[in-house]
Amino acid sequence: PPSQDKDVVVQVLWLRHRGLGLLRPPLSVELTRKYMRVSDLLCAMWWFLFLPGALGECLFAPDYTGHVTIPNSVTSIPNSAFRNCTSMTSVTIPNTVTEIPYQAFYRSGLTTVTIPNSVTEIEFNAFRETPLESVVISSGVTEIHLNTFKDCTNLDNVIIPVSVTSIEAQAFMGCTSLKTIK
């Protein structure tokens with residue numbers, strides 16, 4: 001079934017993000033509209049080279065409103081997973097995700113985001129150059145890395161909890177509309 005194929009592709013992307021070793025897809029999977037069979041290794045290499053986001057694609061397609069719901073089964077978002085995904089305007093990140101990785105939403109169409117309590121780190125460039133207007137960072141976050149929200153020119157409201165002990169250089173540089181940091 002198509003949903004199983006998509007799950008396998010997602011697992012392979014997670015393999016790529018976590019060093020090709022934590023999750024293991026079936027011995028062979030059928031990809032690209034049921035006309036190409038590849039082994040685990042070739043599948044992993046294929047998706048390593050053509051990771052959604054790097055070419056302006058979305059790891060999970062937005063619905064008609066532009067919203068993406070990342071499934072609860074996801075524990076790790078790959079680097080650049082939603083990079084250049086301009087059709088995505090909002091996202092639900094499940095409490096199973098523990099970090100927002102490098103360039104996860106870089107240049108996406110996100111306008112608002114709430115970081116769940118399970119997330120402890122927001123890696124560099126994670127939300128850089130997005131049209132974010134509002135960000136709520138939950139109390140699990142302890143680190144905001146370099147350039148995380150750099151050049152989010154529409155960002156006017158950020159809520160940072162006391163749990164954040166480190167905000168690296170230029171995390172909010174270029175946020176020219178920023179009025180409120182709580």
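Guide: An open sheet is formed by 4 strands in the order E5-E7-E9-E11, with parallel pairing. Strands (E, at least two residues) are DSSP runs numbered from the N terminus, and two strands pair if DSSP finds at least two bridges between them. This is a predicted model, in which local features need pLDDT of at least 70 and side-chain atom pairs count only at pLDDT 80 or more, while totals for chains, interfaces and linings use all residues. Residues are numbered from 1 along each chain as its sequence is written, and side-chain values use heavy atoms, leaving out hydrogens and water.

Visitor: Which strands stand at the edges of that sheet?
Guide: Strand E5 (99-100) and strand E11 (166-167) do; each has a single partner strand, so one side of each lacks a neighbour in the sheet.

Visitor: And how many bridges pair E5 with E7?
Guide: E5 and E7 (residues 121-122) pair in the parallel sense over 2 bridges. Glutamate 99 stands opposite glutamate 121 in E7.

Visitor: What joins E6 to E8?
Guide: The two run parallel, joined by 4 bridges. Valine 113 stands opposite valine 135 in E8.

Visitor: Which residues does isoleucine 100 contact?
Guide: Leaving aside neighbours within four places in sequence, isoleucine 100 is in contact (heavy atoms within 4.5 Å) with residues including Ile77, Phe105 and Phe127.
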